[in-house]
Structure formats: structure tokens, C-alpha cells
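Morning, everyone. I'd like to walk you through one model today. Please have the sequence and the 3D view open.

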Amino acid sequence: MNPPAPRLSTPDGPGSVSRAPQLPTGFADTFTSRYVDVDGLRLHAVTGGQGPALLLVGGWPQTWYAWRLVMPALAPDFTIVAVDPRGVGLSDKPLDGYDTGTLARDLVGLMAALGHRRFAMVGHDVGMWTGYALAADHPGRLTRLVVAEAAIPGLSPSPPLFGGARANDRLWHFAFNRLTDINEELVRGREHLYFGHQFATKAVRPLPEHAVRHYVDPLAADPAALRASFACYRALDTTIEQNQRRRTRRLTLPVLTIAGAENSAELVGDTMRLAADDVESLILPDCGHYPAEEAPKAVLSALTDFLAPYRQGRDDEPRQRPEDASTSTR
């Protein structure tokens, strides 16, 4: 039996800033990879910038790298923390703990370890699930929440099994990913076919080949990474139970939803209005499931405007009631 691999003290490998392909010019001058230990779990985060803290959490099957195109422009105004959550990228991949309550608790611990008790958050896809859990379970930690391109199991109405073909094309992977073992057996050796199909069919503006390979190569190289890629879906029974309890306590913090017109469209805003009182909604034309990579300029503009009160320190001041705020989209 081989001895366990040593735990690296400094992030290395293709998932780190030093090895990531085709980053924006000067990216590594601002951002660095680091490990942060949280209750025995080692998380990989890419940090840099100055100002109030902004946590970026990506979705399946991506890593911190999904935010690379918006991070440099945000860094002059925010201390950026782009994280690989539990099971993702260079972070630890334990066998359990993939329900959103645990994932949210991991991130609260991460930000506390980095010295940030209060912070804003942007979550995409599974990161949206986790953002909702963090806002509901730890209301004193988040000042503002931005979410993109997901429904939330246990909050959103469940789509019918025999729904339309378009919905089936977008959602069939949910049932597949929740399977216990057969999905790994079917995908193993065909990772670029399976995950590549997800990227190819859900993006209106295709992601560059180097980015897709950057996401998929580690899943093909490491059985633990492939297993962990399904884990948040296999934990959905627990997450759904948690969300059914969370929905009884409405969120009061400001929420911005972002969606691609050619993918989720109104679904994201409608979902968060089931849970939150103060919701703005943005739908990006000619955009699919990956707004931060398909339409980074539009996403950056939306984040800059929405986060301005937080950046200026005004979020702790008394605010208008949501129904009186002219900027809210109802």
C-alpha cells in the first residue's frame, strides 16, 4: 500500500494561479493561490485586491478560474476571494459534507480565517445554491448577494419528469449526477465527452478550448475529483430538506440575479423572489449558462453598480423598504 501523498503547503499544479492557462495580463501580479485550513478541511482560494471583501463561488464543473475575466477589474475596489469549494479543484475532497448547509459553513470559516467577518458574495450555479444557504443560515455575515444561472432545489418548483425537450436538455444531468456509482463508471474514460457536452450545449458564446480542458483534465486525471464532482448532487436530499426549512425565513439583504437569456432567463429572478424581499434581476441577451465567461463586461458592469453601496460603506445605513426602492425589478 502506497503512503498517503504529502499535503502541500503551497498550492501547485494546473489549478493554481501559477499554472492556469491564458490568464489576463498582469493577473499573477495581483492574485495568488493559497491554502486555508478550516476545521480540518484544506480549501484553495485565489486572493488579491483591496477594499471590502468579495467572495466568488463558481458552479459545476468549474473552479475559481471561471471568474478570471472579471477579477482584475474588481481588484482595485474589493479584496477578492475566489474559492474552490470542498471537492473542487485543489481543495480537499472528503467523502461527505456536500449539502449546502455544510458548504456554506465551510465558506464562513474560510472568510473568518482570512479576517473577513462581513462580506458580499457572488455565486454561480451550485454557487447560487450555496449563496442562498449562506444568506439564510448566517444572515449576519453577508451584506449583499449576487446569484446567477440556477434554480434552487427545495425552493424552486420541481420540473416535471416528462417536461418539454428544451427543459430536459438543460436539466437531464440532475438525475444522472445523483446516481450512486453507475454515473462514475459511465463517465470514467469519457470525461471530455460528458463534461465537454455540458459546456458545448449550455454556452451561447462558446468557452475557449483551453478553458474547457482546464476544467475537465483534472476530472479525468483523478478518480477522487470525478467522484467529488457528483457529490453535491448526491447530497440533494439533505439540501432540499434544508431549503424547505430555510424558505420559512425570508432574506432581507439586497439580492441581484443574473441570467443568460438563452438559458435560465426569468427563472433566476423568479427563484430568488420566492426567498428574498429585495431582488433586482438582470437578463443578459445572447448569453447562456456562463455569464462571467460569455459576457464578462456586462457582468462586471452589473456587479460594479450593485456593489457600489457596499464598496462605499453604506450597506449598514438604514435602507428604504424594498417596495419603495425604485431600483428593484419586480
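Which residues does Ala133 touch, not counting residues up to four places away in sequence? They are Thr100, Gly101, Ala104, His138 and Arg246. Before I go on: this is a predicted model.

Stay with Ala133 for a moment. Its place is in helix α4. Is Ala133 buried or exposed? Its relative accessibility is 0%, and the cut-off for buried is under 20%, so Ala133 counts as buried. Now look for Val204, 71 residues from Ala133 along the chain. The C-alpha atoms of the two are separated by 29 Å.

Next, the core. The largest nonpolar core has 99 residues. Helix α4, residues 126-137, gives the most to this core, with eight residues. Which members touch the most other members? Leu54, Leu55, Trp64, Met71, Leu110 and Met272. In general, nonpolar side chains tend to be buried together in soluble globular proteins.

Take Met71 from that list. Leaving out residues up to four places away in sequence, Met71 touches Phe27, Phe31, Val46, Leu56, Trp64, Ile80 and Ala82.

Leu54 and Leu55 bring us to strand β3, residues 53-57. Five of the five residues in β3 are buried. Both faces are covered. Ala53, Leu55 and Val57 lie on one side, and Leu54 and Leu56 on the other.

What does β3 pair with? One partner is strand β4, residues 79-84, which runs parallel to β3 and is joined to it by five bridges. Within that pairing, Ala53 has Thr79 as its bridge partner. Another partner is strand β5, residues 119-124, also in the parallel sense, over four bridges. There, Leu56 is bridged to Val122.

On to the rings. How many aromatic pairs does the structure hold? The count is 18. Here is one of them: Trp60 with Phe195, a tilted pair, 5.7 Å centre to centre, with 55 degrees between the planes. This pair links distant parts of the chain. Trp60 is in the loop between β3 and α2, Phe195 is in helix α7, and they are 135 residues apart. Both Trp60 and Phe195 are buried.

Compare Trp172 and Phe176. They also form a tilted pair, at 6.0 Å centre to centre and 55 degrees between the planes. These two are four residues apart in helix α5, so about one helical turn separates them. Trp172 is partly exposed, with a relative accessible area of 31%. Phe176 is buried, at 16%.

Now zoom out. Trp60, Phe195, Trp172 and Phe176 belong to one aromatic cluster.

Phe195 and Tyr194 take us to helix α7. This helix covers residues 191-202, 12 residues in all. From first C-alpha to last it reaches 17 Å, close to the 16 Å expected at 1.5 Å a residue. Which of its residues are buried? Glu191, Tyr194, Phe195, Gly196, Gln198, Phe199 and Lys202. What do they pack against? Five helices: α5, α6, α8, α9 and α12.

The charged end of Arg144 sits over the ring of Phe306, 4.8 Å from its centre.

That's the tour. Over to you.

Conventions:
Residues are numbered from 1 along each chain as its sequence is written. This is a predicted model: local features need pLDDT of at least 70, side-chain atom pairs count only at pLDDT 80 or more; totals for chains, interfaces and linings use all residues. Side-chain values use heavy atoms; hydrogens and water are left out. The expected span of a helix is 1.5 Å times one less than its number of residues. Buried means under 20% relative accessible area, exposed over 50%, partly exposed in between (1.4 Å probe, protein chains only). Contact means heavy atoms within 4.5 Å. Two strands pair if DSSP finds at least two bridges between them. A nonpolar core is a set of buried Ala, Val, Leu, Ile, Met, Phe, Trp, Tyr and Cys residues joined through side-chain atoms within 4.5 Å. Rings of Phe, Tyr and Trp (its six-membered ring) pair if their centres lie within 6.5 Å; planes under 30 degrees apart count as stacked, over 60 as edge-to-face and the rest as tilted. A charge sits over a ring if NZ of Lys or CZ of Arg is within 6 Å of the ring centre and within 35 degrees of the ring normal.
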